[in-house]
Amino acid sequence: HADDSTQPFWDAARQDRLIAPRCVRCGTFRLPPGPFCFECQSRDVEWVELPGTGTIYTFTVVRHALHPDLAPAIPYASGVVELDGTQGAGARMLVNIIECDVDSLSIGDPVEIVWDHVNDEMTTPRFRPRR
């Protein structure tokens, strides 16, 4: 559920835009968005639009369904993507990596955002290997 700290992210996602909060005081990106900067504890943020590209920082391949209804999705990759456009701050997002051969993924692979319009109210970012 969105709150005051995350609502701008979800509003932009519905418009197929990736934005992230950056601390006005020290320049640290806050992902996931939160009420305080984890570096300097400032509350002041500016929302910065990012290009929606990055590189795989780490990932895991899930090969066993935790629930029978999830079996058709196996195998799938979840990972952490280091986002481009964060000026060396290394902002990272936990994401699903889709449209890929999970056995050929590697750390450092370039990826791009794909918007999943779940319903009229919810759009979520996923990433796929860059084409």
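User: Which residues lie nearest the centre of the largest pocket, and how many residues line this pocket?

Analyst: Rolling a probe the size of a water molecule over the atoms shows where empty space is left. In this predicted model, 14 residues line the largest pocket, and F9, W10, M93, L94 and P125 are those nearest its centre. Three elements each contribute two or more residues to this lining: α1 (7–13), β5 (92–97) and β7 (123–129). The space in the largest pocket amounts to about 300 Å³.

User: Which element gives the most to the lining of the largest pocket?

Analyst: That element is β5, with five residues. By class, the lining of the largest pocket consists of nine nonpolar, three polar and two charged residues.

User: What is the volume of the second largest pocket, and which residues line it?

Analyst: The second largest pocket has a volume of about 150 Å³. Its lining is formed by H1, A2, Q7, W10, R14, E121, M122 and T123. Sorted by class, these are three nonpolar, three polar and two charged residues. W10 deserves attention when you view the model: W10 is among the residues nearest the centre of the largest pocket, and W10 is also in the lining of the second largest pocket.

User: How many disulfides does the structure hold?

Analyst: A disulfide is a covalent bond between the sulfur atoms of two cysteines. The structure holds zero disulfides. Consider C40, whose nearest cysteine sulfur belongs to C23 and is 3.6 Å away. The cut-off for a disulfide is 2.5 Å, and C40 is therefore in no disulfide. As for another cysteine, C100 has a relative accessible area of 25% and is partly exposed.

User: Is S78 buried or exposed?

Analyst: The reasoning here needs one cut-off: a residue counts as buried when its relative accessible area is under 20%. S78 has a value of 18%, so S78 is buried.

User: Where does S78 lie, and which residues does it touch?

Analyst: S78 belongs to strand β4, which covers residues 76–83. Leaving aside residues up to four places away in sequence, S78 touches F59, T60, V95 and N96. With N96 there is also a polar contact of 3.2 Å between the two side chains.

User: Where is T55, and is this residue buried, partly exposed or exposed?

Analyst: T55 is in strand β3, residues 53–62. Its relative accessible area is 28%, and T55 is therefore partly exposed. If residues up to four places away in sequence are not counted, T55 touches V80, V81, E82, G108, D109, P110 and V111. To relate sequence to space, take T55 and R92: they are 37 residues apart along the chain, and their C-alpha atoms are separated by 9.4 Å.

User: What is the phi of Q41 and of E99?

Analyst: Neither residue is a glycine, yet phi is positive in each case: about 65 degrees for Q41 and about 50 degrees for E99. Q41 occurs in the loop between β1 and β2, whereas E99 occurs in the loop between β5 and β6 (110–117). Q41 has a relative accessibility of 49% and so counts as partly exposed. E99, at 45%, also counts as partly exposed.

User: Where is N119, and what lies 2.8 Å from a polar atom of its side chain?

Analyst: N119 is situated in the loop between β6 and β7. With a relative accessibility of 43%, N119 counts as partly exposed. The backbone nitrogen of E121 is 2.8 Å from a polar atom of the N119 side chain. Finally, N119 and S78 are 41 residues apart along the chain, and 22 Å separates their C-alpha atoms.

Note on methods:
Residues numbered from 1 in each chain as written. Predicted model: local features only at pLDDT ≥ 70, side-chain atom pairs only at ≥ 80, totals over all residues. Heavy atoms only, no water. Buried < 20%, exposed > 50% of the residue type's maximum accessible area, 1.4 Å probe, protein only. Helix = DSSP H or I, 4+ residues; strand = E, 2+ residues; numbered from the N terminus. Polar contact = N/O pair within 3.5 Å; in protein donor to acceptor, adjacent residues only side chain to side chain. Contact = heavy atoms within 4.5 Å. 1 Å grid on protein atoms, 1.4 Å probe; cavity = no way out; pocket = protein on both sides within 12 Å on 5 of 7 lines; lining within 4 Å. Points joined across faces, edges and corners; volume = space filled by probe spheres on them. Nonpolar A, V, L, I, M, F, W, Y, C, P; charged D, E, K, R; others polar.
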